[in-house]
Amino acid sequence: MAVSAFDRRMMAAAIRYSWRNLGRTGTNPSVATILTRDDSDGTPVIVGRGITAIGGRPHAETEAIAEAGERTVGATAYVTLEPCAHHGSTPPCAEALVRAGVRRVVSATTDPDGRVSGRGYRILEDGGIEVETDVLAPQARYAMSGYLTQRLLNRPHVTLKMAVSSDGKIGRRGAGQVAITGAVSNAASHLLRATSDVIIIGIGTALEDDPSLTCRLPGMEDRSPARLVLDRDLRLPLDCKLVRTARDVPVIVATAVQPGDERHRSLVEAGCRMMACEESGNGIALPELLDDLAAQGFSSVMVEGGAAVARSFLDAHLVDRIRIYVGPGTVGKEGVDAPLTPDHMPAGFVLTHTETFGPDRRLEFERSD
């Protein structure tokens, strides 16, 4: 069968559903599955759906099969990622779909994991299931960019987020946090925090703004990412908001200071998690930092630091996506220049999305090379 408009509609719904647990599935990607079957008059209806559970188990396919029950027989499964093919704590999802009697599987993208890539499709085909692949692949890869980057590049996917005034400033020195965008943009930014594994700032931002870096959307407070401070010399104050809340939401301090130092011991006692890092120039060696984060199971990073941290990630060619929120107001000549603006982007980035939040705009750029 050829891929139909209905197939694309169901896959789009599955991709939207996969966003629900993004950032909450541990080392596994947030995958969604929708099962449909024709009713008595030939109209296709949804009989089951599933999403990778919080923590990573159970997988989406088995959740959808359990919900559909006997109605799985003869059904079409829409999966946002190739069903797993390796035996772990549970049998492969590809085998589960065969045993459940699924007639057809429509997949968005292939899993780059060497234990799965192509093998999941072969299990399905050997089991007599018709397989269609690469349906809405770009949209699925966008949703799973963290997982895919970690598998392909052995590091987390990095998004640089920045709010810029209409005159190209990100704030004022010595003024603390300066409001550049409005409430709707801020809510959208918090939603992005909720889908990230780690949010990174530099020690300069921690000292200047004393941020919380949590997700404060009603009902989503428990989805705050781990908060990481680049603090080579351990200047993070014990009375700052990050340290005071370290037992509630994880705080990682990336530093070159050795464990025997009193500052190191004090932060550990306050609940912070210390990450020993190599030095590079005047700061932390970022490629090695990202390698360590990937090894610990983190797959998506949002960089919210100031100009210096943004430039360091850009100069190291470690930014995959840039999200710029542009407010209508001005800061003035005394403001801090933004390291980039929509009109002055680093080479290799292309505009992919533009959205409006009240008087503000959000522009999204993807690395194209």
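In the predicted model, strand 10 (residues 251-255) and strand 11 pair in the parallel sense, with four bridges between them. Within this pairing, Ala-254 stands opposite Met-275 of strand 11. Both strands belong to an open sheet of nine strands, arranged in the order 11-10-9-8-14-6-15-18-17, and the pairing in this sheet is mixed. Strand 11 (273-276) and strand 17 (349-357) each have a single partner strand, so one side of each is left without a neighbour in the sheet. From one strand to the next, the twist averages 25 degrees. Helix 7 (residues 183-194) packs on this sheet. The strands touched by helix 7 are strand 6, strand 8 (198-202), strand 14, strand 15, strand 17 and strand 18. The direction of helix 7 makes about 160 degrees with that of strand 15.

Another open sheet consists of five strands in the order 2-1-3-4-5, again with mixed pairing. Its edges are formed by strand 2 (44-51) and strand 5 (130-132), each of which pairs on one side only. Here the twist averages 20 degrees from one strand to the next. Strand 4 (residues 104-107) pairs with strand 5 in the parallel sense over three bridges, and Val-106 stands opposite Glu-132 in strand 5. Helix 1 (residues 5-18) packs on the five-stranded sheet, where helix 1 touches strand 1 (32-38), strand 2, strand 3 (76-79) and strand 4. The angle between the direction of helix 1 and that of strand 1 is about 145 degrees. Helix 2 (residues 60-68) lies across strand 1, strand 2 and strand 3, and runs at about 135 degrees to strand 2.

Helix 1 and strand 4 are also linked through side chains. Asp-7 and Arg-104 meet in a salt bridge, with an N to O distance of 2.8 Å. Asp-7 lies in helix 1 and Arg-104 in strand 4, so this pair ties together parts that are 97 residues apart in sequence. Over the whole structure, the search finds 19 salt bridges.

Empty space in the model was examined next. Rolling a probe the size of a water molecule over the atoms shows where empty space is left. One cavity of 30 Å³ or more is found in the whole structure. The largest cavity holds about 330 Å³ of space and is lined by 30 residues. Those nearest its centre are Leu-22, Ala-143, Gly-146, Thr-195 and Ser-300. Two or more lining residues come from each of helix 5, helix 6, strand 6 (157-164), strand 14 (300-303) and strand 15 (321-326). Helix 6 gives the largest share of this lining, four residues. By class, the lining of the largest cavity divides into ten nonpolar, 16 polar and four charged residues.

The second largest pocket contains about 360 Å³ of space. Of its 17 lining residues, Ser-145, Thr-149, Leu-152, His-157 and Asp-320 are the closest to the centre. Helix 5 (137-143), helix 6 (145-153) and strand 18 (360-367) each supply at least two residues of the lining. The largest share is again that of helix 6, which contributes five residues to the lining of the second largest pocket. This lining comprises five nonpolar, six polar and six charged residues.

The backbone was then considered. Most residues other than glycine have a negative phi, and most peptide bonds are trans. The peptide bond from Arg-57 to Pro-58, however, is cis, with omega near -5 degrees. Pro-58 is placed in the loop between strand 2 and helix 2. Leu-136 has a positive phi, near 55 degrees, and lies in the loop between strand 5 and helix 5. For Leu-213, phi is near 60 degrees, also a positive value in a residue other than glycine. Leu-213 is found in the loop between helix 8 (203-209) and strand 9 (226-230).

Technical notes
Residues are numbered from 1 along each chain as its sequence is written. This is a predicted model: local features need pLDDT of at least 70, side-chain atom pairs count only at pLDDT 80 or more; totals for chains, interfaces and linings use all residues. Side-chain values use heavy atoms; hydrogens and water are left out. On a 1 Å grid over the protein atoms alone, a cavity is a set of points where a 1.4 Å probe fits but cannot get out, and a pocket is an open set with protein on both sides within 12 Å along at least five of seven lines; lining residues have an atom within 4 Å of a point. Grid points are joined across faces, edges and corners, and a volume is the space filled by probe spheres set on the points. Ala, Val, Leu, Ile, Met, Phe, Trp, Tyr, Cys and Pro count as nonpolar, Asp, Glu, Lys and Arg as charged, and the others, Gly among them, as polar. Two strands pair if DSSP finds at least two bridges between them. Axes are lines fitted to C-alpha atoms, for helices over the stretch in contact, and angles run from 0 to 180 degrees between N-to-C directions. Contact means heavy atoms within 4.5 Å. A salt bridge is a side-chain nitrogen of Lys or Arg within 4 Å of a carboxyl oxygen of Asp or Glu.
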